[in-house]
Amino acid sequence: MSQSVRTRPEGVGQPLSEAYDTALLDLDGVVYAGGSAIAHAVDSLARARVGGMHLAYVTNNALRTPDAVAGHLTELGIPTGADDVITSAQAVARLISEQVPAGAKVLVIGGEGLRVALRERGLTPVESADDDPVAVAQGYGGPDLAWGRFAEASYAVARGVPWFASNTDLTIPGDRGIAPGNGAAVEVVRIATGAEPQVAGKPLPPMHRETVLRTGAKRPLVVGDRLDTDIEGAFNGGVDSLLVLTGVTDGAQLLAAPPQHRPTYVDADLRGLLTGQPEVAGTEAGFRCGGWTATAGADRLELEGDGEALDGLRALCAAAWTAAGEGVCALDGGKALARLGL
């Protein structure tokens, strides 16, 4: 993908599962929400796999081990091996291992996934700031993580121990709605100490490096639901991306996306892997996709026509992103999105 400013979603004639060799799939909000598979995910991934696409699962959630994630996916009907799961816990463990001695003690604020990843790198997880750790590793620990764990992190960081975070996602989607993510927990320690962690997860380079090392992908497609992690991570890595609207991103956020948050493709869900993507054409009347034409007015985005709602959204993206250039579109798109039911 070119790093030039994207002004519209791209079109492609062949199914994405044929145009790319590997799908680098986010999990929360893309494949499942809470413990349940998102509609159409299981069948779409099975069909993509049968067609020859390699499926790898790349998650900023550091709570579970790759074995546990693979087992969960398999139970959902998506046969997966642990080697096909890449987590931010693995990325942050590699980052720490490159900066501390072999066998060093690392204070863990998080779940089993983080402990296993640290051991994989030859490091020794510990539980207290008084255990003389040489680093603090913080990752998502689930809703039951005790408040005292943040205090342990704060004690160590305040003493000058280097602080690492698996990721800084402020929220995480679940089956009951949107909940605080690891980024919210990182803020607790930041407020207490005034320090800043080294961060490994999406959208930063350590996670992209970990993914490339573990998958060997030659022409990957990042598939995600978050603009500030999945899509920005693809942008930073110079690879194409597919945004699915099954997670945290809504139409208004997409229209207001700055260049690093603009996906190559947009679709409703993982069925988008199995199809081509329609072209968004610039015309004298505006930007046309399917039966819709979108334009940027003086203070709002305008939409005319009829047809598939997603085509209207793609046309609106072109109008909004073109008007914004390298900035953020400030035009009101609410009426146009309401017309599409988005």
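**Close-ups of a predicted model**

**Figure 1. Where the charges sit on average.** The 27 positive and 42 negative charges of the protein have mean positions 2 Å apart. Lys and Arg count as positive and Asp and Glu as negative, while His and the chain ends are not counted; each charge is placed at NZ of Lys, CZ of Arg, CG of Asp or CD of Glu. A word on ground rules: this is a predicted model, with local features needing pLDDT of at least 70, side-chain atom pairs counting only at pLDDT 80 or more, and totals for chains, interfaces and linings using all residues. Residues are numbered from 1 along each chain as its sequence is written, and side-chain values use heavy atoms, leaving out hydrogens and water.

**Figure 2. The whole fold, for orientation.** We're looking at twelve helices and 19 strands, which are DSSP runs numbered from the N terminus (helices H or I, at least four residues; strands E, at least two). With a radius of gyration of 21 Å against the 20 Å that the globule rule gives for 342 residues, the protein is as compact as a globular protein of that length. That radius is taken over C-alpha atoms, and the rule is 2.2 Å times the number of residues to the power 0.38. Buried residues make up 53% of the 342; buried means under 20% relative accessible area, exposed over 50%, and partly exposed in between (1.4 Å probe, protein chains only).

**Figure 3. Helix α6 and its cover.** Helix α6 holds twelve residues, 147-158, and should span 16 Å at 1.5 Å a residue; the end C-alpha atoms are 17 Å apart, which agrees. The expected span is 1.5 Å times one less than the number of residues. Buried here are R149, F150, E152, A153, S154, A156 and V157. Their cover includes β6 (105-109), β8 (135-138), β9 (163-165) and α7 (182-193). Just after α6, G160 takes a positive phi of about 100 degrees.

**Figure 4. Helix α5.** In α5 (residues 112-120), the buried residues are G113, L114, R115, A117 and L118. Among the elements covering them are α4 (88-97), β6, β7 (124-126) and β8, judged by contact, meaning heavy atoms within 4.5 Å.

**Figure 5. R300 in its loop.** R300 lies in the loop between β18 (292-296) and β19 (301-305). At 30% relative accessibility, R300 counts as partly exposed. Neighbours within four places in sequence aside, R300 is in contact with T295, L331, D332 and K335.
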